Amino acid sequence: MRYRRSVTDTEEVSDINVSPLIDMVFILLIFFIVTTTFVEETGVDVDKPQAASASQLDKNSILLAVTPQGQVVYGGREIGLSGVRPLVKRLTDKEKLPVIIQADQQATAGLLTRVIDEAILGGAKNVSLAARPGGG
């Protein structure tokens, strides 16, 4: 036994139109892709010292790490002290970016001073040291 259902003009359409929902999802996706800032990590873990006056800095910056073994690391690879100046010069030519140095507590002050000096000679206008909030 088959039942046939006839469609008349008076019946309401019971389907939900999802096209506006899909449009909205794509607009949100494009918004998040355009506004996202990708932070390039240093690639090594350093034990940063604590500072009571630590504050959040701009995420769009050049991150360098100084390890206890005396390595200077950028983007997961060792660039050495001699690689700081060309790197900073190349990255700050297009846009003036601040340089943030993540120095380990066991890193020597002499090496840290030389890294800061090389970054300034490379054209960095703002060089900061990374620290964990707290201490004090």
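This is a predicted model: local features need pLDDT of at least 70, side-chain atom pairs count only at pLDDT 80 or more; totals for chains, interfaces and linings use all residues.
The protein chain has 136 residues, and 28% of them count as buried. Its secondary structure comes to 3 helices and 7 strands. Along the sequence these elements follow the pattern α-β-β-β-β-α-β-α-β-β.

Strands of a sheet pair through backbone hydrogen bonds, either parallel or antiparallel. Both senses involve β2. Strand β2 (residues 62-66) pairs with β3 (residues 72-74) in the antiparallel sense, over 2 bridges. With β5, strand β2 pairs in the parallel sense, over 5 bridges.

Individual residue pairs show how these strands line up. Ala 65 stands opposite Val 73 of β3. On the β5 side, Leu 64 has Ile 101 as its bridge partner. Strands β2 and β3 also form a hairpin, with 5 residues between them. In the turn, Gly 70 has a positive phi of about 90°.

Strand β2 is mostly covered, with 5 of its 5 residues buried. In a regular strand the side chains alternate between the two faces of the sheet. In β2, Ile 62, Leu 64 and Val 66 point one way. Leu 63 and Ala 65 point the other way. All of these residues are buried.

Gln 102 is found in strand β5. Its relative accessible area is 12%, so Gln 102 is buried. Ser 61 is found in the loop between β1 and β2. Ser 61 is also buried, with a relative accessible area of 15%. Not counting residues up to four places away in sequence, Ser 61 touches Leu 97, Pro 98 and Ile 100.

The loop between β4 and α2 contains Gly 83. Gly 83 is buried, with a relative accessible area of 18%. Gly 83 and Val 115 are 32 residues apart in sequence. In space, their C-alpha atoms are 9.7 Å apart.

The structure holds 2 salt bridges. One joins the side chains of Asp 47 and Arg 132, at 3.9 Å from N to O. This pair links distant parts of the chain, 85 residues apart. Asp 47 lies in the loop between α1 (19-35) and β1 (50-51), and Arg 132 lies in strand β7 (residues 132-133). Asp 47 counts as partly exposed, at 40% relative accessibility. Arg 132 also counts as partly exposed, at 32%.

The other salt bridge is formed by Arg 85 and Glu 118, with the closest N and O atoms 3.1 Å apart. Arg 85 lies in helix α2 (residues 84-94) and Glu 118 in helix α3 (residues 109-121), so the pair ties together parts that are 33 residues apart in sequence. Arg 85 counts as partly exposed, at 35% relative accessibility. Glu 118 has a value of 16% and counts as buried, because the buried class takes values under 20%.

The accessible surface of the protein chain comes to about 10200 Å². Of this, 54% belongs to carbon and sulfur atoms. A nonpolar surface patch covers about 1000 Å². Its residues include Ile 16, Val 18, Leu 21, Ile 22 and Val 25. Phe 26, Leu 29, Ile 30, Ile 33 and Val 34 also belong to the patch. Val 34 is found in helix α1. With a relative accessible area of 64%, Val 34 is exposed.

Notes. Residues are numbered from 1 along each chain as its sequence is written. Side-chain values use heavy atoms; hydrogens and water are left out. A salt bridge is a side-chain nitrogen of Lys or Arg within 4 Å of a carboxyl oxygen of Asp or Glu. Helices (H or I, at least four residues) and strands (E, at least two) are DSSP runs, numbered from the N terminus. Buried means under 20% relative accessible area, exposed over 50%, partly exposed in between (1.4 Å probe, protein chains only). Two strands pair if DSSP finds at least two bridges between them. Patches are made of residues with over 30% relative accessible area and no salt bridge: like charges are joined within 9 Å, nonpolar side chains (Val, Leu, Ile, Met, Phe, Trp, Tyr) within 5 Å. Accessible areas come from the Shrake-Rupley method with a 1.4 Å probe; for residues, only the protein chains shown count as cover. Contact means heavy atoms within 4.5 Å.
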